[in-house]
Amino acid sequence: MGTLHCYSKTMQTKFKDAIIMNKTNAWNRIPLEDYEQHMQHENVAQAQLLNNLTNKYLQKHNPESALFLGISGGNGLEHIDINTTKTVYGIDVNKSYLEETKKRFGEKIKQLVLVNADISNSNESFLRADFVWAALIFEYIDIQKGFEFIANNIGESAKLIITIQSNNGNQSVSQTGVESIKLVKETFKIVDKDNLQVNALTIGFDLIGSEENILPNGKSFLTYEFGRDKNI
Ligand SMILES: C[S@@+](CC[C@H](N)C(=O)[O-])C[C@H]1O[C@@H](n2cnc3c(N)ncnc32)[C@H](O)[C@@H]1O
């Protein structure tokens with residue numbers, strides 16, 4: 001069993017999973033500064049919009065327990081009300097993104113827990129969130145697996161906000177001079193909104209709102225607000 005001989009079978013499996021995750025997921029080959037530079041570029045301007053949307057939905061729902069899927073560098077975490085939101089979890093496949101997020105927000109948000117996991121390949125239950133923020137993650141994961149992950153980590157009454165990208169006939173990766181971002185081009189897929197809605201319904205979530213925001217390059221973000229309530 002080579003260098004893993006002194007660890008239990010469970011630990012060995014976890015190590016192997018981590019190695020496979022790092023090797024296979026293209027997101028692990030994109031430096032955070034490249035991703036953020038791309039997202040902030042004037043042709044893209046997605047970072048600013050996502051920040052505003054995070055703020056809007058956090059203010060609207062005042063969660064006690066929030067879960068951010070594909071948290072990246074923590075864009076929008078500054079809008080967490082640390083007195084109301086007692087638990088904040090962020091999941092990402094890229095460990096270095098989480099390390100930077102911890103540096104940026106760990107001091108202010110003491111309740112921030114960052115987990116390095118592959119959403120498409122994790123059956124773990126970390127928390128029972130009453131608010132899930134899933135922006136631009138379904139483009140890169142198996143939709144059904146994503147909803148299974150959510151189902152394992154959400155409370156009976158909760159809000160689920162999903163933002164997806166609509167290309168409106170434009171190419172998926174905009175020209176910003178950031179070359180590394182093209183590594184995820186192969187894994188990117190346009191998410192079918194009906195498929196989202198069907199999957200949300202299977203875990204008891206109804207669509208309660210939606211909005212479309214047009215971006216400078218003609219693409220747009222579609223944001224869907226789902227809710228489930230144990231009292232209904
Ligand atoms: C397009 S970025 C979106 C980041 C952030 N939500 C935002 O809106 O700016 C996708 C993020 O999801 C992460 N990611 C991609 N596939 C993942 C997976 N299978 N499991 C966990 N995180 C993943 C990437 O590392 C990246 O941080």
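Biologist: What makes α5 and α6 neighbours, that is, which residues in α5 meet which in α6?

Modeller: I143, Q144 and F147 in α5 meet N195, N199 and T202 in α6. Two residues are in contact if their C-beta atoms, placed from the backbone, lie within 7 Å. By class, this contact has two nonpolar, four polar and no charged residues. Ala, Val, Leu, Ile, Met, Phe, Trp, Tyr, Cys and Pro count as nonpolar, Asp, Glu, Lys and Arg as charged, and the others, Gly among them, as polar. This is a predicted model, in which local features need pLDDT of at least 70 and side-chain atom pairs count only at pLDDT 80 or more, while totals for chains, interfaces and linings use all residues. Residues are numbered from 1 along each chain as its sequence is written.

Biologist: How do the axes of α5 and α6 cross, and at what angle?

Modeller: The axes of α5 (residues 143-152) and α6 (residues 193-202) come within 10 Å and cross at roughly 35°. Axes are lines fitted to C-alpha atoms, for helices over the stretch in contact, and angles run from 0 to 180 degrees between N-to-C directions. Helices (H or I, at least four residues) and strands (E, at least two) are DSSP runs, numbered from the N terminus.

Biologist: Which residues in α5 are buried?

Modeller: G146, F147, F149 and I150 are buried in α5. Seen down the axis of α5, the buried residues fall within an arc of 155°, so they line one face of the helix. The arc is that of the directions from the helix axis to the C-beta atoms. These buried residues of α5 pack against β4 (129-135), β5 (154-166) and α6.

Biologist: Why is S122 called partly exposed?

Modeller: A residue is buried if 20 or more other C-beta atoms, placed from the backbone, lie within 10 Å of its own, exposed if 12 or fewer, and partly exposed in between. S122 has 19 other C-beta atoms within 10 Å, and is therefore partly exposed. S122 is found in the loop between β3 (112-116) and β4. Not counting residues up to four places away in sequence, S122 touches A117 and F149.

Biologist: What makes the buried residues of α2 line one face of the helix?

Modeller: In α2 (residues 32-40), Y35, H38 and M39 are buried. Seen down the axis of α2, they fall within an arc of 95°, so they line one face. What covers them includes α3 (46-61).
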